[in-house]
Amino acid sequence: MYAWPASEVPALPGSGRDLRIHDTSTNGRVTLEPGPVARIYVCGITPYDATHMGHAATYNAFDLVQRVWLDTKRQVQYVQNVTDVDDPLLERARRDGVDWTGLAERETALFREDMTALRMLPPQHYIGAVEAIPGIVPLVERLRDAGAAYELDGDIYFSVAADPHFGEVSRLDAEAMRLLSAERGGDPDRPGKKNPLDPVLWLAARPGEPSWDGGTLGRGRPGWHIECVAIALDHLGMGFDVQGGGSDLAFPHHEMGASHAQALTGEHPFARTYVHAGMVALNGEKMSKSKGNLVFVSTLRREGVDPAAIRLALLAHHYRSDWEWTDEVLQEAEERLARWRAAVSRPDGPAAEGLLEEIREALADDLDAPAALAAVDRWAALQDSTGGTDEGAPGVVSRAVDALLGVAL
Ligand code: 5CA
Ligand code: ZN
């Protein structure tokens, strides 16, 4: 699948700091030390509805990770998937009486437009579940042949007992896992499973549902977790630097994915760090396609809202906190954007070197974007009150805000 065009990342003087970030699997902060090519996998959308603020906030967090790495003069190998076949997509297509492939294509196209408008850097590999199927089938066959998977009425399940490290990503107890499994696409109550938590790897063909040739597995379609594992192993390999997503993916998705990969390869870990963004709510409840309490990026764009203001609204919240989208959040972002644009529109201003270092330090400190915004606010306030004589300082500020925060002033 093709991704979306990259916005330019302006070059900055000096170099950024190594990123210290919260890792879910150790529940602590780690200093990431990627090689010259940093490797990141970020779980993509299930394209049955448009990009909402929750999605945008999560992708914003991982866009910052990349921008910090680029600022340390590393290259980034970024992989993202599109879950373009799965139960919720098929259910929505059935409900609306539309073709599921058309629905997925339409929503993926809109997602690309939203990501472009928000200046999110594109992945080098943007891979759909459907196009990954030829790579998924042999992985499921290998797991089955190694005794890490078993058949139940034609469906193939992964045995969580096959991975000695199972549970180490989310660190949840069995009861919490069971509840979340039922809530998030699992089937803990299906009779005949070895462990209620065992997730499906390959779903045998059902009438009225799409299916593909699965070799010795028979016709069917892939489970959700193996999709991301196949794509990540293909393009990044084991031990990549960061797997990212919203906090609702820690369990079961990232836990199961890690176990699939570890059982397949005998190596550990799948990802060196698991990073999760908080949930964005609307009217007191998590914004979600299934609940329908959504504010779409595309709706705001259509209403004429500047994408840079949407981006500033996201950046005003720490990526790990759960927060609520409100009209005031957007209004404050629009006001901030206007103040910043006025401040950089003059040829000279207060010195900017200190500000650049403050932004770098804030982002390196577990992506503290609100602290970075506060630093720019202080510079803009100084420019507004006393101004400054440093020629070119506004240019440095606008390049720093663009390169490190993805906001074009
Ligand atoms: N296709 C799978 C991942 S392989 C999936 O979870 N798709 S999704 O469309 O449901 O979500 C895409 C990303 O947005 C995920 O990382 C998810 O955790 C995140 N996300 C979904 N809802 C919210 C929300 N309300 N707030 C923050 N992030 C969210
Ligand atoms: Zn995923």
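## Ligand 1

A nitrogen atom of ligand 1 lies 2.9 Å from an N or O atom in the side chain of Thr46. This is a polar contact (a pair of N or O atoms within 3.5 Å; within protein, one must be able to donate a hydrogen and the other to accept it, and residues adjacent in sequence count only if both atoms are side-chain atoms). An oxygen atom of ligand 1 is 3.0 Å from a polar backbone atom of Gly246, and an oxygen atom of the ligand is 3.4 Å from an N or O atom in the side chain of His55. In total, 24 residues surround ligand 1 (a heavy atom within 4 Å of it). The closest are Gly44, Thr58, Thr83, Asp248 and Lys289.

## Basis of the model

The model is predicted: local features need pLDDT of at least 70, side-chain atom pairs count only at pLDDT 80 or more, and totals for chains, interfaces and linings use all residues. Residues are numbered from 1 along each chain as its sequence is written, chains are lettered from A and ligands numbered from 1 in the order in which they are written, and side-chain values use heavy atoms, with hydrogens and water left out.

## The second largest pocket

The second largest pocket has a volume of about 190 Å³. A pocket is an open set of points on a 1 Å grid over the protein atoms alone, with protein on both sides within 12 Å along at least five of seven lines; lining residues have an atom within 4 Å of a point. Grid points are joined across faces, edges and corners, and a volume is the space filled by probe spheres set on the points.

Of the 15 lining residues, Thr24, Ser247, Ala250, His276 and Ala277 are the closest to the centre of this pocket. Helix H7 (250-265) and strand E11 (271-277) each give two or more residues to the lining, and E11 gives the most, with three. Helices (H or I, at least four residues) and strands (E, at least two) are DSSP runs, numbered from the N terminus.

## Cis peptide bonds

A cis peptide bond with omega of about 0° joins Phe251 and Pro252, and Pro252 is placed in H7. The bond from His268 to Pro269 is also cis, with omega near 0°; Pro269 is in the loop between H7 and E11.

## Helix H9

Among the buried residues are Ala308, Arg311 and Leu315. What covers the buried residues includes helix H1 (53-71), helix H10 (327-344) and helix H13 (393-405). At the start of H9, a side-chain oxygen of Asp306 comes to within 2.8 Å of the backbone nitrogen of Ala308.

## Residues with positive phi

Asn27 is not a glycine, yet its phi is positive, near 50°. Leu367 is in the loop between helix H11 (353-364) and H12, and is buried, with a relative accessible area of 1%.

Conventions:
1 Å grid on protein atoms, 1.4 Å probe; cavity = no way out; pocket = protein on both sides within 12 Å on 5 of 7 lines; lining within 4 Å. Buried < 20%, exposed > 50% of the residue type's maximum accessible area, 1.4 Å probe, protein only. Contact = heavy atoms within 4.5 Å.
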